[in-house]
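Please keep the sequence and the coordinates at hand while reading.

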Amino acid sequence: MSNPSIASQRAEYWLQFRSGPFAGARFPISEGTTRVGRALDNQIVVEGENAATVSSYHLEITIADGRCRIRDLESTNGTWVNGERLTEAEIAPPVDIRLGSQGPEFALVKESGAAVELDRTIEVPLHSIPSSPVDDDTHDEAYEKLLASAVADARRMRGRGTHGQTLTIMRSMVEQAVTQMLHKTHRRFRVIGLSLLVALLAVSAFAALKITGLRREKRAVDTHIRQIDAELQKTREGMDTDQLIKQLGDYSQEGESVQRSLLYRLSALYGDSDFVTRELRVVMAEFGAEVYSIPPDFTERVNHYIEQDQGPDRPIIVRALSQARGQLETIQRILKQQELPADLAYIPLVESSLETDKASEAGAVGPWQFTAPTAKAYGLRVDGEVDERKDLVKSTLATCKYLRDLILDFGTGSSVMLALAAYDSGTTTVKQAVSKTVRDPIKQRNFWYLYRSKALPHETREYVPRVFAAILIGRNPAHFGF
C-alpha cells in the first residue's frame, strides 16, 4: 500500500467494507487517487471468496478540492454505485459501491473530525476485539489507546528507517493489554489473559519468522531475475537466448508463488517498485500482458521517452492535453464503444501529434497515419476529391477494425502488445522478423519473449515504449509536470 506523508491530517472520506471477512472495517481515503482491486499494488486490496468478480485493477476514487470522483478501470464486471452501473462520475457521499453486480460491497462516507495521523491503514472496529465482560466501555477506551499507541510507534520507526520491529511492538501492546486486564478484572480472568499473551506471542513469532523467510526468498528470486536480464541485455540480435529466458520464466513463477502467499500479502504494505514501473504494471494488466518482471531495458526506454516528452517534445504533449483534448477524448470514446483499450488513443499522439492533416514522406496521412492501400482496405475513401484519412471519427473507426484484426491475428496472451508492435511496422514485417529467429509458434505470440530475445525489429522495440511513455503521461499528467 502507498505511504503518504505521516503529517497530521483529517480523514474526511472513508471506504467501509460492507461484506467479506473485513465487514465493518474502514479505510481512510485521503486527497489524491485511491485504487481498488485484487492486485497487490492497489491501495485497497480486495481478496477472499467474494472477490471473484473483482478485476486486478477495478476502480479508482479521486478526491480533489473537496470533490469526489469515481472511475471504473475497464473492469470485467463493472462498477455499480447506488445500484447503477457507471464508467465515471462525480459522487457525493454517502454512496453504496459494489464491484460487479453481485460482488463485494462498500460504503463511501464523509465524516468530519479532529486531525489524526493516517497511514492508509485499514481501521478494524474495536467491537471485533474480545474484551472482558466487566466494564466494557472502559476496556474499549483502553484498547483504543493501546492500539493508537502501537500504530504510532510503528510509524515513528518507519519514519526513522527502522524496520522489522512489528513483533516487538505487538509484544509490548499485548503485555500492556494483559497488565490492564489483570488490574481491572477478577482473578479468574487473569489465567485467560496470560493464556492469550502466550498464544498471541507464539502466533506472532511464527508469523514474523515466516514473513522474514518469504521476503528473503523473494529478494533472492528478484536478484536472479536481474542477473538474467543483465545477461539478456548483453546478447546480440540473433543469439540463442532460450535457456536464459526459460530460467527467467522459472524464477518468475517462483516469485509469483511467493507474492501470492497470504502472509506476504499482509506484510507487503508498501510497493518496492518506482512510479513508472507500477503504472506500467497497471496498463499491462489492462492489456492482458501482465508479467512478474518487466524487462529493465523496456522500462529504461519508457523513461527515456518520458524525459523526451518533458523536454524537447513538451509542446506536443501540452497541445494534446489542452487544445487537442477534445480530439483525444473523442478517440477514447470510440475505442471504448468498440470494446478496445482506451489507452490506445495515445497512438496518434506518437504517430501524428494528433494533427489531422499531417502527411509522412512514405505517404501516410491523418491522425492515425494510414497509407492509402490500408485505408481503402478498411473502408475509407481516398481519391482525388476526398481523403477520409483526415476525418478523425471515420479514420478512428477504421483503425478500430484494423486493430481488432491485428489482435485476432496474434491470438491470446499479449496480443494487444503484438498488435501495437505490428501497427508500427506492419503485420508482415513483424511476422517475418519473428519467423527468422523463433520457430516455436507459441513463443511467436509472446511479446515479452520476442522483446527479450530481440526478435522484433529495432524500430518496433523503440516504438512500443514510446507509446507507453505517452500513455503514462496521459494517465498521470500532474505527476509528470503537465
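A residue counts as buried when its relative accessible area is under 20%. The model discussed here is a predicted one. With a relative accessible area of 1%, T399 is therefore buried, and its place in the chain is in helix α12, which spans residues 392–410. Once neighbours within four places in sequence are left aside, T399 is in contact with W368, F370 and Y423.

The nonpolar cores can be taken next. The largest of them has 75 residues, and those with the most contacts inside it include L280, F298, V302 and M417, together with F447 and F468. Helix α16, residues 458–475, provides the largest share of this core, namely nine residues. If residues up to four places away in sequence are not counted, M417 touches M284, F287, A289, F298, F447, W448, V464 and F468.

The last topic is a helix pair. Helices α8 and α9 pack with their axes 6 Å apart and at an angle of about 70 degrees; angles of 65 to 115 degrees count as roughly perpendicular, and α8 and α9 are therefore roughly perpendicular to each other. The residues that make the contact are listed by helix below.

| Helix | Residues in helix | Contact residues |
|---|---|---|
| α8 | residues 314–321 | R319, A320, L321 |
| α9 | residues 325–337 | R325, Q327, L328 |

By residue type, the contact of α8 with α9 divides into three nonpolar, one polar and two charged residues.

How values were computed: Residues are numbered from 1 along each chain as its sequence is written. This is a predicted model: local features need pLDDT of at least 70, side-chain atom pairs count only at pLDDT 80 or more; totals for chains, interfaces and linings use all residues. Side-chain values use heavy atoms; hydrogens and water are left out. Axes are lines fitted to C-alpha atoms, for helices over the stretch in contact, and angles run from 0 to 180 degrees between N-to-C directions. Helices (H or I, at least four residues) and strands (E, at least two) are DSSP runs, numbered from the N terminus. Angles under 35 degrees count as roughly parallel, over 145 as roughly antiparallel, 65 to 115 as roughly perpendicular and the rest as oblique. Contact means heavy atoms within 4.5 Å. Ala, Val, Leu, Ile, Met, Phe, Trp, Tyr, Cys and Pro count as nonpolar, Asp, Glu, Lys and Arg as charged, and the others, Gly among them, as polar. A nonpolar core is a set of buried Ala, Val, Leu, Ile, Met, Phe, Trp, Tyr and Cys residues joined through side-chain atoms within 4.5 Å. Buried means under 20% relative accessible area, exposed over 50%, partly exposed in between (1.4 Å probe, protein chains only).
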